[in-house]
Amino acid sequence: MSADPTASDKRYKIIEATMRRYGYQSHGLIEALHSAQEAFGYLDDVTLWHIARTLHLPPSKVFGVATFYNLFTLKPQGAHTCVVCLGTACYIKGAREVLAALEAEYDVKAGGTTRDNQLSVLTARCFGSCALAPVITFDGETIGKVAPATVTQQIAQRLAAVQQTA
Amino acid sequence: MPRTLTINGQEISARSDQTILEAAQDANIRIPTLCHLDGLTDVGACRMCLVEVAGASKLLPACTTRVQEGMQVQTDTERLRAYRRQIIELLFAERNHICAVCVANGHCELQNAGIAVGMDHVRYDYLFPKLGVDLSHERFGMDHNRCILCTRCVRACDQLEGAHTIDVMGRGAHSLIVHDMNVPWGEATTCTSCGKCVMACPTGALFKQGSTVAEMVHDAEKLAFLKAARERKVWNV
Amino acid sequence: MNLEELNATAASERLAQAKKRHHIRVCVGTACQALNSEQLAKELQAELRRRGQNGDVEVKCVGCPGLCSLGPLVEIESQVNGQAAIAGTEGGQRKSILYQFVKPEDAGEIVAHLGGEPIKRLETPLDQPFFTRQTKIVLEHCGKIDPERIEDYIAVGGYQALMKVLTEMTPQQVIDAITRSGLRGRGGAGFPTGLKWGTVAKADPNAYPTSVPVGIQSRKFVICNGDEGDPGAFMDRSVMEGDPHRILEGMAIAAYAVGANHGFIYVRAEYPLAVKRLRTAIRQAQRAGLLGNNIGGTAFSFNVDIRLGAGAFVCGEETALMASIEGGRGVPRPRPPFPAECGLWGCPTLINNVETLANVPPIIMKGADWFASIGTEKSKGTKVFALTGQVAHTGLIEVPMGITLREIVFDIGGGIPGGRQFKAVQTGGPSGGCIPAQFLDMPVDYESLAKVGSIMGSGGMIVMDDSTDMVEVARFFMEFCMDESCGKCIPCRAGTVQMHRILTKIQEGKATRRDIQILEELCDLVKHTSLCGLGQSAPNPVISTLRYFRDEYEKKLAADETNGKTPQPSAQVANPSA
Amino acid sequence: MGKLRFASVWMGGCSGCHMSFLDLDEWLFDLAEAVDVVYSPVADVKTFPEKVDVTLVEGAIANQDHLELIHVIRKNSRLVVSFGDCAVTGNVTAMRNLIGEAEIVLDRAYKDAQLLRPQVPHDDGIVPPLIERVVPVHAVIPVDLYIPGCPPPAKRIRAVLQAVIEGKSPEMIGREMLKFG
């Protein structure tokens, strides 16, 4: 049992606190998954089983919930994420071309991560920043009114900056 | 309090807690179903049992709509028949239902539904998704090609066996029946190998190992028998 | 906090604000924040400190004033003739100027010009139609108050309506007032709000088996639906970010009216700023005794929790939303029974949209008749729209019901930029339709929009110019619905896939007339047999574009039509191997 | 009234439907009274004739030859009948779609599954080029009647042909007429 990572890894304490807040009842499942994803960046089997055991829920239900919602991911993401908004306003202002430019530049498909695990290129339904359309985010920072011709440069600059500070 | 209503013009009476489907069954009026199974709770998912109710702005699922006094129900109009055929065609196009080589050929509710709605061909493009067959369980198998996502197995496992080994993962067209955390069925630690899911399956998606073409006969009535026996101590033999 | 304490807080806050000679309001809504407006606010404060003017001038971070396309926006309200300037209240003469596209480095210049001539380079007129043609009820405080300070909300009359309800009105009187006001649900379908409240109030909490979690002391619930999922819509986000206490107050009034003691706000996780501000607001309201036990010293108790969505459009549907709050897959279930009778954990549940609830406090304070005097015969009050797309001024607007589309697009929105022509306006997101130019003079209300094949929806309004490919618009929305279908019912799960396939075939020039016929049959099927609103409305963008822009579809059909029927190889066989 | 000009073709299928057709036994004599067989796998005719009254198409559309022939059939036939599950649904023939497109399928058949000299026969005239995806007949041309079944039972074939000979629409209802598989 000493190999149980849930005992040694402090990040499980954060998930534990969330589950406690809901009295370890099933209605805290999605909040627990949010906590876990925030702590680990993704949801792996060990974590999902841990949540199922602690909340006394069937593993298949936990898995069903975790895979229903788009924000949860079972795969590790890249060190940095770029999310392209594909909402209507962005779409009619050329978001698809912006996405295509990024996919081509980093040789990834939307939802994927570069081979060096540095960048995940994701899509979103709408950030609600439609006035800035087309919009992307880089590690949570909103970048508005982007264009296919210049977006790759904007991302490259930011990637270089964060990699330098790291 | 009994309720009086008409179904297809025929006056019938029903208990106030009965659904339109139950009332119709008691009066020997057949309403087509796929996701309904006696003994399991209803989810209103397949939309085959939609009926027209006078005064209602929308079509209503007979399986989840309770009877009301004076209700006038139509179960077999031209419009409903057209919708039912479309729904069945959508299912045949969605996954790989190849009756000729299916274990459930001749004993399949989907195949029967196709006959009932008069389906002589499917107007939609076949999608040919790549789906797996799970033969890891020593007694049973699961063929996702034949699954119509009715969730009868999910409900049988949860409500009658109580194990909840089975659930649905993903969503939309990417929904998939999973065991535990999407492990091969034979490795699902919560599975009791009771076989109720296999009994519940309307198609050839769940089957007994060793069944070959047309050999898999499901035993769906067993579930209503079990429910009555377990919950009410009534053995309807 | 009881009524007297509330009044005292309001008075002292107003007094403190009156002492300031200038109020600088910096928008820190999501769009302006993305353009560095928080940094701008900090620079302004630093500049004021440097000049020793910080006692005299207040810098306030506020919610969205609406004109996002000119952001970051800074509004400066100054005393005139030494009279007190009180933010957002009547009395005292004051003068306002508005600056557009403000950058952090403009801070020094702005402070230097305080009280003097406005900076021409940055100024944008406040008397432009974008502002003057609006009628603000829901958004009256957005852009005026600091959403992170409860005192600011109290100073503009906040929580007075709750106090009035708790001390002067019976629940039935509250319901009657809402009913008489004519308020209808702002989430899309336009169901009469008073009727919904009355149903929940009358519902028996023991009619259905319930399973309320341990620790939640309520047998009825109020849910605020902040799962604003329509792409191109950000009305609710702006209200949650800009005036969160308003929502809490509306919820508490609703809870009192229907007999609920617990409420949930379900917010998209994509709106982190709204979540943060709502959390702050709840904490502040609890501390002030405006939420929690024995509110205002009365017997009424009401607690509010926030629940985060996790990226599922279908959770905007009531029953799916409740399934999600319960911790499950956001899958809808058939209605009846309706949530009003059998909702969250089997209890009677009131679900209202953010904007609906934000309309409640002013109706209580100013009266049902006042509200009913705004709008049209069947659609009362105002509606907030997120105006986006190919229009000069994009942003958030609030207009009286019954205004014409032309006024919205050409007066408020400033028309179509780039010398292009107006083609259509899309309302209602993936559930709505495209309205062509011939209906520009139609009044915007629930019935008129429905008549031309669209819906009011939650308030997304996307303007399209003559360069827009309408089949592509239909395909875009169908792809959205296909991806967001929960997969439970067959027509929506499989039907949207087939419809999307046909639309794609049309775009590829591989479709025939027969495909359009099948598409229309599928629209009919999915609309009338799907389990929930997502599926039932998914065909609307196709139906409306086929209705008004059918020629665009037909132009794209495959040319060769031997036998008059369907001769073309389908997409599947169009590419034989070598 | 003259005899009907009758054709049957064998596309991407196993010929089982034609076997079932031969199971019509003595009724074939009655059929011969009513129709002239102008094209069939069991008749030595090289090109598909013109002015055919009714053509039974067995099999799915799987290769370039099928694709070319089916358009000729449509052009030259008054009634085109999808004959059996492969023609109606793609059936077993279409199961190759689950593996992938043409080249992947050929590799699986001619390389992966071969021990001796694995090679894909791409030379002209050996194997007709496969189309990427197998599709039912009605995905390519309009079809007038469908006879499901793998194979369709002889009784079902007879019921359809009887109606066609009598100039009526066959009643495609019930298990006897509609069961797939």
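Which residues in H20(C) meet which residues in H21(C)? Select both helices to see C:Pro491, C:Cys492, C:Gly495, C:Thr496, C:Gln498, C:Met499, C:Ile502, C:Lys505 and C:Ile506 in H20(C) against C:Asp515, C:Ile518, C:Leu519, C:Leu522, C:Leu525, C:Val526 and C:Thr529 in H21(C). Residues are in contact here if their C-beta atoms, placed from the backbone, lie within 7 Å.

The model is predicted: local features need pLDDT of at least 70, side-chain atom pairs count only at pLDDT 80 or more, and totals for chains, interfaces and linings use all residues. Residues are numbered from 1 along each chain as its sequence is written, while chains are lettered from A and ligands numbered from 1 in the order in which they are written.

**The H20(C) and H21(C) pair**

Helix H20 (residues 490-507) and helix H21 (residues 513-529) of chain C pack at about 155°, their axes 10 Å apart. Helices (H or I, at least four residues) and strands (E, at least two) are DSSP runs, numbered from the N terminus; axes are lines fitted to C-alpha atoms, for helices over the stretch in contact, and angles run from 0 to 180 degrees between N-to-C directions. H20(C) and H21(C) are therefore roughly antiparallel (under 35 degrees counts as roughly parallel, over 145 as roughly antiparallel, 65 to 115 as roughly perpendicular and the rest as oblique).

**H9(C) and H11(C)**

Next, select residues 193-202 (H9) and 244-258 (H11) of chain C, whose axes come within 8 Å and cross at roughly 50°. That angle makes H9(C) oblique to H11(C). C:Trp197, C:Val200 and C:Ala201 in H9(C) meet C:Ala254, C:Ala257 and C:Val258 in H11(C); by class, this contact has 6 nonpolar, no polar and no charged residues.

**The sheet of chain C**

Five strands form an open sheet with mixed pairing, in the order S2-S1-S3-S4-S5 (strands pair if DSSP finds at least two bridges between them). S2 (57-62) and S5 (123-124) of chain C are the edge strands, each pairing on one side only. S1 (residues 22-27) of chain C pairs with S2(C) in the parallel sense over 6 bridges, and C:Cys27 has C:Val62 in S2(C) as its bridge partner.

**Chain A against chain C**

Finally, show both chains: the contact takes 32 residues from chain A and 39 residues from chain C. On the side of chain A that touches chain C, H6(A) gives the most, with 4 residues.

Notes:
Contact = placed C-beta atoms within 7 Å. Nonpolar A, V, L, I, M, F, W, Y, C, P; charged D, E, K, R; others polar.
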